[in-house]
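Keep the structure in view as you read.

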Amino acid sequence: MKNIRSLAAGFCLGLAAMAITAPSVLAAPVFHPAGLNPGDTYRLAFLTSASTDALSSDINFYNQFVTDVANGPFTDSTAQIAHNLAWKAIISTETIDARDNTGTNPNNGAGVPIFLLDGRKLADNYADFWDGSLDTTFDYLGDGSGGLPFGEPVWTGTLADGTANPFGFVGIFDSMLSITYGINDSTTGTWVESLDFLSPTIDARLYAVSGIIWVDEPAPLSLLALGIVAL
């Protein structure tokens, strides 16, 4: 009987602990953007603090690059939220569009709002993200060092609607062709598709967007009380 009581007590203690420390679905960010409520979903985004060329035709190279930046050193506590989230580069190769690589294709559903790491909202949903305008400049660096520098090129290989530019996707290398890039201080379609091209040998930053994050539900008080009473 004593062992049964001990087992029951241990089970209830574990149940109470789970009620207190239940994790969110993808991760537990340091903060949730203003205006969201428990149960809401959203995504986070940042501009990489490091740069790379656009020579690779492998989408995994760019996805790994933004993930490494997210998991690297940070200068501000808000950047801690980038750690351990699933990140994708907003970039297009010959075989995959940026909106499909990031799971933000509006043809597959309305989607969720997208925010920068400092809480500013970029777009209300996926259609809004790819409609040729943003709510704010895409300028917050992944190491938490703020919204500088402005006006730098960002590799995208992508048109304003999120599809690959057939004449300027990353990984293309031809003496007559160069790569499409975006401008990080723009809120028009040029944030992702500037009116110019650059050689893929040049180093530039990348945009990154996280997987979907759920705002944590508060621990059920009834479940916690049940564990305490049982103990």
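What follows goes from the overall layout to one helix, then to the core and its rings.

First, a word of caution: this is a predicted model. The protein has five helices and nine strands, and, starting at the N terminus, the elements run α-β-α-β-α-β-β-α-β-β-β-β-β-α. It is 231 residues in all, and 45% of them count as buried. Now look at how the chain meets itself: take the contacts between residues at least 6 apart in sequence, and 67% of those join residues at least 24 apart.

Next, zoom in on helix α2, residues 59–70. With 12 residues at 1.5 Å a residue, α2 should span 16 Å, and its end C-alpha atoms are 17 Å apart, which agrees. At the start of this helix, a side-chain oxygen of Asp-58 comes to within 3.0 Å of the backbone nitrogen of Asn-60. Which residues of α2 are buried? They are Ile-59, Tyr-62, Asn-63, Phe-65, Val-66, Thr-67, Val-69 and Ala-70. Their cover includes β1 (41–47), β2 (87–89), α3 (98–101) and β8 (205–210).

In soluble globular proteins, nonpolar side chains tend to be buried together. Here the largest nonpolar core has 53 residues, and Trp-87, Ile-90, Phe-129, Phe-138, Trp-155 and Trp-191 touch the most other members. Helix α2 gives the most to this core, with six residues. Pick out Trp-191: leaving aside neighbours within four places in sequence, its contacts include Ile-90, Phe-129, Trp-130, Phe-138 and Tyr-207.

That brings us to the rings. A pair of aromatic rings is described by the distance of the centres and the angle of the planes. The structure holds nine aromatic pairs. In one of them, Phe-61 and Tyr-62 have ring centres 5.0 Å apart and planes at 90°, so the pair is edge-to-face. Phe-61 is partly exposed, at 34% relative accessible area, whereas Tyr-62 is buried, at 0%. Phe-129 and Trp-130 also make an edge-to-face pair, because their planes sit at 65°, with the ring centres 4.9 Å apart. Phe-129 counts as buried at 0% relative accessibility, and Trp-130 counts as buried at 6%. Finally, ring pairs link Phe-129, Trp-130, Phe-138, Trp-191 and Tyr-207 into a cluster.

Key
Residues numbered from 1 in each chain as written. Predicted model: local features only at pLDDT ≥ 70, side-chain atom pairs only at ≥ 80, totals over all residues. Heavy atoms only, no water. Core = buried A, V, L, I, M, F, W, Y, C linked by side-chain atoms within 4.5 Å. Buried < 20%, exposed > 50% of the residue type's maximum accessible area, 1.4 Å probe, protein only. Helix = DSSP H or I, 4+ residues; strand = E, 2+ residues; numbered from the N terminus. Contact = heavy atoms within 4.5 Å. Expected span 1.5 Å × (residues − 1). Polar contact = N/O pair within 3.5 Å; in protein donor to acceptor, adjacent residues only side chain to side chain. Phe/Tyr/Trp six-rings, centres within 6.5 Å; stacked < 30°, edge-to-face > 60°.
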